[in-house]
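Here is a short report on domain contacts and helix packing. Look at the structure first, then read on.

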Amino acid sequence: MINTSGEHSFSTSIRKLRFLVVDDFENFRNSMRQMLRSLGAEKIELVHNGAAAVQRCAYDHFDVLLCNYNLGEGKSGQHVLEELRHRKLLHHSSLFLMVTAETSREMVMGAREYHPDAYLTKPINRAMLEKRLGALAERREALLPVTRAMDLEDNPEAIQQCLSLLSQYPRHRSWIYKTLAELYIQVGDYGQARKIYDDILSQRSLSWARLGKARVLLAEGHLDEAIVALQRLVEDHPDYLEAYDLLSESLKRNGKSGQAQKVLQRAAELSPNALLRQRDLAKLATQNHDIDTATDAWRRTVNLGTWSVHDNPDHHLALGRSLTDLSEGDPGGEGKEYADEAVRVLKHLERRFPEAPDIGPRTMLVRARIVAARGNRTKAMKFLEEARAALPEDKLSADAGLDLAKTLYRVGQNREAEQLLASLAQRFEGEAETIEQIENLMDEPVGLQQRLQARTLNREGIQAYEKGGLPEAARFFEQALDIVPNHAALNLNLVQIRMKQLQDGDRSVVRQHALAQCHRCFQALENLPPQHRQYRRYLAMKRKMESMNE
Amino acid sequence: MSEHRQPAAADRKIDNPDFSMVIASAVHDMKNSLGMLLSTLDDLREEQKGALGDNPRFNTLQYEAERVHSDLVQLLGIYRLGEQKLSAHSDEHYVAEFLQQQLARHERLLQGYGVDYDIDADNDVIGFFDDELISGVIASTLNNAIRYTRSRLQLGAREQDGWLVITVEDDGSGYPAHMREAGAELLKAPDFSSGSTSLGLYFASAIAHLHQNNGKHGTIRLHNEGKLGGGVFEIWLP
């Protein structure tokens, strides 16, 4: 039997700690200071907004932050936490307590990473604060040897300390096991991490241990196992957003980017305010050619960036690009609205990040595409020249290079675009995602709608071919090539049909005409870079063609 | 950055409301407002200690606000249950410490009403449960108990037959027979036409049920066989 006044006094451990209270209401700050003082705290500072909190932490160290989630206009408590952790302004030993008027689960749902050490739900009274803070301060003190080693990024030492504290503080074993397993993963000792998770799971199915186990499976490259484990986890815990994130990542690495996108979309619906998740969704959707979803996700990423340490000029540029893609696909009224929005986004970007490298010419390239899509070639050329004059063509980033190539296509300088893409393909040879983008652009340097139309025709052609309808298939491929004349696979598909017809002695085909058409197809692929997936097929068929000509 | 609006075509349509979502977001707003109100009441009590003294009307004010607040929290929880967006994330907890923290929240109100309270739990009883969800259940149970008790409340925890049992006892007149015998009926969604099950009990049962281990689900039991002579509310967690 213990009494509620608490038989151990926490005041000794609280007295030494440095506190920072962050709240926009003066009354609350003062009443918090009063409560902390009555608990024995001596070093207490108060600030009234998130920016001030971050600034104080940049200059000084605090042991405990009591930060309101809702801080009015400006950074929220979550922004403060993210920025402090991201910029490593918070020691591992420091406690970050989020004060909320809401139930904490909603907040947890919002964050993708960076959880506070505890949530305190308003109203807060002295008794409550004493109990929560006392327990946390006691744990903090007990685990200092571990967190100190982590602050020095000495993971092996942190692991040693965890192991030796385990028997000394059975009270904190849950925290120690969690931390220990994560440390093992960080140093790459997956076997030890797995053992901890397995031990825990053999006693009880705990969601955090299941997630950890899946993380180990993924790190060890057991993609299928990880996917199955995570799918079950999400089924049992449909509110576990980190499980969705990891599942999406596993699916993507397993080549299932469509499914990966669906999973991430579900997580983003459950919790729309996590910037990094929206960013990942936008990237994935772009890769999947789902420009509508990508645009929505980029828009959210950009809007969520207003007060976030994760805001980045690349997100704004990517939104501008997506909007431009949409506007190119639609010459009507909506296309104009997308174009206008893209221009606003780029203007805002230049104001927000005036110091970002090459920001002027890079936005200029997207702008050139916007005006080109609206039919203003002269202006597009002017923007293009301005951008090129300011950009070092031999040191272009992949994104800027792709933008430049797209713009060249839009103003009809196809040869130059192809040469640029060939040199980019060489330079970014090892980067699969960039190479894929280069291939796609080379194959289909047209707007979104036309791209989709060409794809449909290609698919119908392949279906006809598989059913043996060669003339029909050829017609589909010809129509598709009218839209995207330099599409590698399409050209080779058409050549393949014509050669088969010639070999079969098909009377309906005039040999001279068929050979001429094949010749034109190969000509269209003259600048195909060796890094292109269709390159070997191109070489093989060209050789076969030459032997047929002899 | 409001200037990044969606193209106008998207907002020309008026959506059909998804009614439960509209309600849920309204409840969410009300709950947050009440949170502010409660917090202000607490500050006020502190500031006006001399003037208010033990003014019983102030207790009523705080008690009723707490009750609505915990009802709204429950409503939101039930909405999430329905949307299958709620699950129990269990972890290891020292139960006595956990119960102390729960009581601390209600300390002023208990003192205001002149209710004695204590905790009957071994210091090293360990339990596996989702502390946020169980904390919500205990808050609403305590609220309820404050209403029916005469002079005493006791929180307790024990291990029995491999289960963790958390109890809230009072010295009031106990639970009426139809509530004690409700059993599995508690898990049925509240039926407002018969008024048989209260929202609070349904919520508590549902939260207990979310906790599972080795195929066993948590449950709640109500009886009047306590040491204080009043009602006993028990959460059994596997």
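## Where domains 2 and 3 of chain A meet

In this predicted model, 12 residues of domain 2 of chain A are in contact with 10 residues of domain 3 of chain A. Two elements give two or more residues each to the domain 2 side: helix H22 (414–427) and helix H23 (432–443) of chain A. H22(A) supplies the largest share of that side, with 5 residues. By class, the domain 2 side that touches domain 3 of chain A holds 5 charged, 4 nonpolar and 3 polar residues.

## Domain layout of chain A

Chain A is divided into domain 1 (11–140), domain 2 (272–443) and domain 3 (449–549). Taken over C-alpha atoms, the centres of domain 2 and domain 3 of chain A lie 31 Å apart.

## Helices H17 and H18 of chain A

Now to a helix pair in chain A. Helix H17 spans residues 313–328 and helix H18 spans residues 333–352. Their axes come within 8 Å and cross at roughly 165 degrees. An angle over 145 degrees counts as roughly antiparallel, so H17(A) and H18(A) are roughly antiparallel to each other. The crossing of H17(A) and H18(A) is left-handed.

Which residues make the contact? From H17(A) come Pro313(A), His316(A), Leu317(A), Leu319(A), Gly320(A), Leu323(A), Thr324(A), Leu326(A) and Ser327(A). From H18(A) come Gly335(A), Tyr338(A), Ala339(A), Glu341(A), Ala342(A), Val345(A), Leu346(A), His348(A) and Leu349(A). By class, the contact of H17(A) with H18(A) has 11 nonpolar, 6 polar and 1 charged residues.

## Helices H4 and H5 of chain B

The next pair is in chain B. Helix H4 covers residues 56–82 of chain B, and helix H5 covers residues 95–113. Their axes are 10 Å apart, and the helices pack at an angle of about 135 degrees. That angle makes H4(B) oblique to H5(B). The crossing of H4(B) and H5(B) is left-handed.

H4(B) brings Asn59(B), Gln62(B), Tyr63(B) and Glu66(B) to the contact. H5(B) brings Leu109(B), Gly112(B) and Tyr113(B). The residues of this contact divide into 3 nonpolar, 3 polar and 1 charged.

How values were computed:
Residues numbered from 1 in each chain as written. Chains lettered and ligands numbered in written order. Predicted model: local features only at pLDDT ≥ 70, side-chain atom pairs only at ≥ 80, totals over all residues. Domains from an automatic or database assignment. Contact = placed C-beta atoms within 7 Å. Helix = DSSP H or I, 4+ residues; strand = E, 2+ residues; numbered from the N terminus. Nonpolar A, V, L, I, M, F, W, Y, C, P; charged D, E, K, R; others polar. Axes fitted to C-alpha atoms, helices over the stretch in contact; angles between N-to-C directions. Parallel < 35°, antiparallel > 145°, perpendicular 65-115°, else oblique. Left-handed = near helix turned anticlockwise from the far one by under 90°.
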